[in-house]
Amino acid sequence: MKVVIITDLEGVNGVLNFPDWCVPEGRRNEVGCRFLTEEVNAAVAGFFGAGATEVIVVDGHGSGGSIRAELLDPRAALQRGAKVSPIFNDECDVAAFVGQHAKAGTPNAHLAHTQTGEAVDFRINGVSLGEFGQLSYGFYEKGIPVIFASGDLALTYEAKDLIPGIYTAAVKEGYNAPLDATCPADEIMSRQSTALHYPRAAVLKEIKQQALLAMQKFLSEPDSFGIKPLPGPYIAEAEYRATAKKYIPILGDLPPRRITTGTHDTVAGAFTEFYGKLEWGTPEGEHYTLL
């Protein structure tokens, strides 16, 4: 029974803001990475305690490098870099998320965004999806259910709405108003940094317990983790703010725009065209509408 855990950093308990905690040069990044690894270890312990035989941890924040290998549970393997785009690894029985944040525009979320602060909203066939939803549909397309997710409280609501049977663990809750398209990209994170962080010992205990219960439920009732139907064919579209030079200086000045893919037989195909070809392309042609 093989589990793949997808990790992120913004949805970790104790990670307070983006510039100090979520980038390698941040003065608290090392602590944030340790906190993430501790939360991953709690989930690993829960999965093994319920009968998992193998756990692969995918270092999914940014370009990787946030999992501290020397602190990782020695029973877990560590993967950096995407093996199978866009779902990282499809050689597993079930998938889980640790440290995940809510999608862009979510009210009362902490450090919410969808891939980048420039994104206002991302949709597949009109259904709004964040990073959790995008990857979840990618996994389900491969026949892999998502059974567990931890992150801020808003993320747990998002996960349960998409996968009603999923087990979750909330580690903090945001106190922030939703941000619309008028918010500049370089203010997205700073304006979503207010949150209540739950007691850390209780958080680690809850992650372990919910991961254990999720695995037990899957082993006894594997059909309990159905995802909301999303019939094909598939078209991805999204609205983007003007580029924030502060975070992505190499892109230059890209204006506010709507991006729309062609039609695809698979969700993975729509993601690949959007993120692989269109997201940071020159905003002209049939795939772009200036806003």
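Buried here means under 20% relative accessible area. The close-ups below come from a predicted model.

**View 1. Thr 168, a buried residue in strand β8**.
Strand β8 spans residues 167-174, and Thr 168 lies in it. The relative accessible area of Thr 168 is 11%, so the residue counts as buried. Leaving aside residues up to four places away in sequence, Thr 168 touches Phe 148, Ala 149, Thr 156, Ala 159, Lys 160, Glu 206 and Gln 210. Leu 9 sits 159 residues away along the chain. The C-alpha atoms of Thr 168 and Leu 9 are separated by 17 Å.

**View 2. Helix α2 packs with helix α5**.
The pair brings together residues 29-49 (α2) and residues 200-220 (α5). Their axes lie 7 Å apart, at an angle of about 35°. The crossing of α2 past α5 is right-handed. From α2, the contact uses Phe 35, Glu 38, Glu 39, Ala 42, Ala 43, Ala 45, Gly 46, Phe 47 and Gly 49. From α5 come Arg 200, Val 203, Leu 204, Ile 207, Lys 208, Ala 211, Leu 212 and Met 215. By class, the contact of α2 with α5 has 11 nonpolar, two polar and four charged residues.

**View 3. Helix α3 packs with helix α6**.
Here α3 (residues 131-141) meets α6 (residues 267-278). The angle is about 140°, and the axes are 9 Å apart. That angle makes α3 oblique to α6. Gln 134, Tyr 137 and Glu 141 are the α3 side of the contact. Val 267, Ala 268, Phe 271 and Tyr 275 face them from α6. The contact of α3 with α6 divides into five nonpolar residues, one polar and one charged.

How values were computed:
Residues are numbered from 1 along each chain as its sequence is written. This is a predicted model: local features need pLDDT of at least 70, side-chain atom pairs count only at pLDDT 80 or more; totals for chains, interfaces and linings use all residues. Side-chain values use heavy atoms; hydrogens and water are left out. Axes are lines fitted to C-alpha atoms, for helices over the stretch in contact, and angles run from 0 to 180 degrees between N-to-C directions. Helices (H or I, at least four residues) and strands (E, at least two) are DSSP runs, numbered from the N terminus. A crossing is left-handed if the near helix is turned anticlockwise from the far one by less than a right angle, and right-handed if clockwise. Contact means heavy atoms within 4.5 Å. Ala, Val, Leu, Ile, Met, Phe, Trp, Tyr, Cys and Pro count as nonpolar, Asp, Glu, Lys and Arg as charged, and the others, Gly among them, as polar. Buried means under 20% relative accessible area, exposed over 50%, partly exposed in between (1.4 Å probe, protein chains only). Angles under 35 degrees count as roughly parallel, over 145 as roughly antiparallel, 65 to 115 as roughly perpendicular and the rest as oblique.
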